[in-house]
Amino acid sequence: MLDLRPLRNLGSDRLYALPLLVLYLTDGCNSRCLSCAIWHAPRRNMPLALALRLAEEAAALGLRHVLLSGGEAMQHPHWAEIAQAFRKRGVHVGLLTNGLLLKKQAEQVIAHIDQLTLSLDAATPELYAHIRGVDALPHILEGMARIAPHVPIITRTTVQRANFRQLSAIVGLAKAYGARKVSFLAVDTVNGEAFGARAAETFQELALTADDLPIFAEVLDALEREHAADFASGLIAESPAKLRTLYAFFASAHGLARFPAPRCNAPQLSVVVETDGRLRPCYFLPSGGSVAEQPLAQALNSSTLRALRRAVRHGERAECGRCVCPLYRGARALLRAAL
């Protein structure tokens, strides 16, 4: 029997089903990224009992995908057990990782993960160390090569001032080490919710300058020419036109282009659970409600979360206008997923 509850979500501020669940398993991280301040905070791990309870309760809500995130999810001492709890309920398990523990924990990844999303922000060890704060690119590539034959890997590059010239080289490197897809998104330079408290100087360091923009346009043109086969095959996840919205994102800050508001209905299809059980409607919006002391189905529809979803649907949240990581699923996509 088809589960049509996700369709009810689309026109409502309530969640009747939960197709996607994102778990912040830990606030701890072993990277020291320029674009993120999470690693400055003390580490907190999601209690194992809470994660296992969520696996059971979310399954009853028609959960299809869970993404283990953080911080660095693989630093949670029980991440593999948590992954297996979802998997045994038929849920597709994804892992978002910086890759520093891939080589050491390759067997657990192969045994418990359906898809791996790996941050890959540079094509050279020197630039990687500058952006990520640790000199570890060769080590990460070794882990990637070990896992790639067994688990689909998507690399994700956060495009910023330090690395925008290396996009073509990053595609070649990811392809050489077995990535199934290569994805790019703009570094967030406006939101204070998703990546910890960052200073205005950090945003200025990360963003492309007006002088960088003509070079970036040339980089994107060259990427389209030199990797036409990789666009056609789907190795590069975004189309050339989609990648040019990255240019618009950075140019709009200088009044040189209009950044189109992204199409997104993530709050109608997913929720983010923080380490302490607080709920966010997406990475970039504030929390409202908690599963620490009430069932997931009840917490999902707290008055605060319903109000946030309503504001998103009506275009009333300023964060959404410059979001770098939107998610949209229409009715047809949800029906296909239910078949």
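Me: Is strand 6 largely enclosed or left open by the rest of the structure?
Reply: Strand 6 is largely enclosed by the rest of the structure, because 5 of its 6 residues are buried. Please note that this is a predicted model.

Me: How many bridges join strand 5 to strand 6, and which way do they run?
Reply: There are 6 bridges between strand 5 and strand 6 (residues 181-186), and the two run parallel. Within this pairing, Ile-154 stands opposite Lys-181 of strand 6, and Thr-155 stands opposite Val-182 of strand 6.

Me: Which helix goes with strand 5 and strand 6 in the β-α-β unit, and what is its hand?
Reply: The helix is helix 7, residues 167-176; together with strand 5 and strand 6 it makes a right-handed β-α-β unit.

Me: What joins strand 4 to strand 5?
Reply: Strand 4 (residues 115-119) is joined to strand 5 by 4 bridges, and these strands run parallel.

Me: How many bridges join strand 3 to strand 4?
Reply: Strand 3 (residues 92-97) and strand 4 share 4 bridges and run parallel. Here Thr-97 stands opposite Leu-118 in strand 4.

Me: In what order do the strands form the sheet?
Reply: The sheet is open and has 8 strands in the order 6-5-4-3-2-1-7-8, with mixed pairing. Its edge strands are strand 6 and strand 8 (279-280), each of which pairs on one side only.

Me: Where do side chains point along a regular strand?
Reply: In a regular strand, side chains alternate between the two faces of the sheet.

Me: Changing topic to the rings: how many aromatic pairs does the structure hold?
Reply: It holds 7 aromatic pairs. One of them is Phe-164 with Phe-216, an edge-to-face pair at 5.7 Å centre to centre with 75 degrees between the planes.

Me: Why does that pair tie together parts that are apart in sequence?
Reply: Phe-164 lies in the loop between strand 5 and helix 7, whereas Phe-216 lies in helix 9 (residues 213-226), so the pair ties together parts that are 52 residues apart in sequence.

Me: Why is the pair of Tyr-283 and Phe-284 edge-to-face?
Reply: The ring centres of Tyr-283 and Phe-284 are 6.2 Å apart and their planes are at 65 degrees, so the pair is edge-to-face; the cut-off for that class is over 60 degrees. Phe-284 is buried, with a relative accessible area of 6%.

Me: Which residues do ring pairs link into a cluster?
Reply: The cluster consists of Phe-164, Phe-216, Tyr-247, Phe-249, Phe-250 and Phe-259, linked by ring pairs.

Me: Last topic, the surface: which residues make the nonpolar patch?
Reply: Leu-2, Leu-4 and Leu-335 make a nonpolar surface patch of about 240 Å².

Me: Where is Leu-2 placed, and why does Leu-2 count as partly exposed?
Reply: Leu-2 is in the segment before helix 1 (5-10). It counts as partly exposed because its relative accessibility is 41%, and that class lies between 20% and 50%.

Key
Residues numbered from 1 in each chain as written. Predicted model: local features only at pLDDT ≥ 70, side-chain atom pairs only at ≥ 80, totals over all residues. Heavy atoms only, no water. Pairing = 2+ DSSP bridges. Right-handed = clockwise from strand over helix to strand, strands pointing away. Patch = residues over 30% accessible without salt bridge, like charges linked within 9 Å, V, L, I, M, F, W, Y side chains within 5 Å. Areas by Shrake-Rupley, 256 points an atom, 1.4 Å probe, with all protein chains shown as cover. Salt bridge = Lys/Arg side-chain N within 4 Å of Asp/Glu carboxyl O. Buried < 20%, exposed > 50% of the residue type's maximum accessible area, 1.4 Å probe, protein only. Phe/Tyr/Trp six-rings, centres within 6.5 Å; stacked < 30°, edge-to-face > 60°.
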